[in-house]
Amino acid sequence: MFSDLLAFVWEMAALGFLAWWGWSAVDPVAPRVALALAVPGAAATVWGLFAAPKARIRIPVAGVLVVKALVFGGAALALVGVGHGTAAVVFAVVAAVNTVMVTVSRRSGGGLAVG
């Protein structure tokens, strides 16, 4: 149950980190807003299509893990991009460990997992 909650919190944090990077990546306001909305929006769309528990398109577990690695990895790189390298490493490690725990729990029938 804790790993399910952590998975959801980490997913939301990933979207926030992507938005933060988008906002800080350029100076003019219009591109800032566009990137701050488009980057996490694209990540959420891909996640919803392929990685969410009720994904519209069912793909093998390996594909789901690739999507999660791309989103979480992108979020970690976004943290590096805004100058928080240590936080990026912590985020990535926790995301990887929690993803393994949730995946194993789901595959073994260990309950409903969010993420």
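Predicted model: local features only at pLDDT ≥ 70, side-chain atom pairs only at ≥ 80, totals over all residues.
Helices here are DSSP runs of H or I with at least four residues, numbered from the N terminus. By that rule, Ala 88 belongs to helix α4.

**How the helices pack**

Two packed helices are described by the angle between their axes and the distance between the axes.

| Helix pair | Angle between axes | Distance between axes |
|---|---|---|
| α1 (residues 2–24) and α3 (residues 61–81) | about 45° | 8 Å |
| α3 and α4 (residues 85–107) | roughly 165° | within 8 Å |
| α1 and α4 | about 140° | 10 Å |

**Helices α1 and α3**

The crossing of α1 over α3 is left-handed. On the α1 side, the contact is made by Trp 10, Glu 11, Ala 14, Phe 17, Leu 18, Trp 20 and Trp 21. On the α3 side, Val 71, Phe 72, Gly 74, Ala 75, Ala 78, Leu 79 and Gly 81 take part. Sorted by class, the contact of α1 with α3 holds 11 nonpolar, two polar and one charged residues.

**Helices α3 and α4**

The axes of α3 and α4 come within 8 Å and cross at roughly 165°. Angles over 145 degrees count as roughly antiparallel, so α3 is roughly antiparallel to α4. Here α3 passes α4 in a right-handed crossing. The residues that α3 brings to this contact are Val 61, Leu 65, Lys 68, Phe 72, Ala 75, Ala 76, Leu 79 and Val 80. They meet Gly 85, Ala 87, Ala 88, Phe 91, Ala 92, Ala 95, Thr 99, Thr 103, Arg 106 and Arg 107 of α4. The contact of α3 with α4 divides into 12 nonpolar, three polar and three charged residues.

**Helices α1 and α4**

For α1 and α4, the angle is about 140° and the axes are 10 Å apart. That angle makes α1 oblique to α4. The crossing of α1 over α4 is left-handed. From α1, the residues in the contact are Ser 3, Asp 4, Leu 6, Ala 7, Trp 10, Ala 13, Ala 14 and Phe 17. From α4, they are Phe 91, Val 94, Ala 95, Asn 98, Met 101 and Val 102. By class, the contact of α1 with α4 consists of 11 nonpolar, two polar and one charged residues.

Ala 88 has a relative accessible area of 5%. Buried means under 20%, so Ala 88 is buried. Apart from its neighbours within four places in sequence, Ala 88 is in contact with Ala 76, Leu 79 and Val 80. Pro 40 is 48 residues from Ala 88 along the chain, and their C-alpha atoms are separated by 17 Å.

Ser 105 is also located in helix α4. With a relative accessible area of 17%, Ser 105 is buried. Ser 105 and Met 1 are 104 residues apart in sequence, while their C-alpha atoms are 9.8 Å apart in space.

**Exposed residues**

Leu 70 is part of helix α3. Its relative accessibility is 62%. Exposed means over 50%, so Leu 70 counts as exposed. Between the C-alpha atoms of Leu 70 and Ala 43 the separation is 8.7 Å, and along the chain these two are 27 residues apart.

Arg 56 sits in the loop between α2 (29–51) and α3. At 75% relative accessibility, this residue counts as exposed. Leaving out residues up to four places away in sequence, Arg 56 touches Gly 48 and Leu 49.

Asp 27 is exposed as well, at a relative accessible area of 66%. Its side chain meets that of Arg 32 in a salt bridge, with 3.9 Å from N to O. A salt bridge needs a side-chain nitrogen of Lys or Arg within 4 Å of a carboxyl oxygen of Asp or Glu. By this rule, the count comes to one salt bridge.

Notes. Residues numbered from 1 in each chain as written. Heavy atoms only, no water. Axes fitted to C-alpha atoms, helices over the stretch in contact; angles between N-to-C directions. Helix = DSSP H or I, 4+ residues; strand = E, 2+ residues; numbered from the N terminus. Left-handed = near helix turned anticlockwise from the far one by under 90°. Contact = heavy atoms within 4.5 Å. Nonpolar A, V, L, I, M, F, W, Y, C, P; charged D, E, K, R; others polar. Buried < 20%, exposed > 50% of the residue type's maximum accessible area, 1.4 Å probe, protein only. Parallel < 35°, antiparallel > 145°, perpendicular 65-115°, else oblique.
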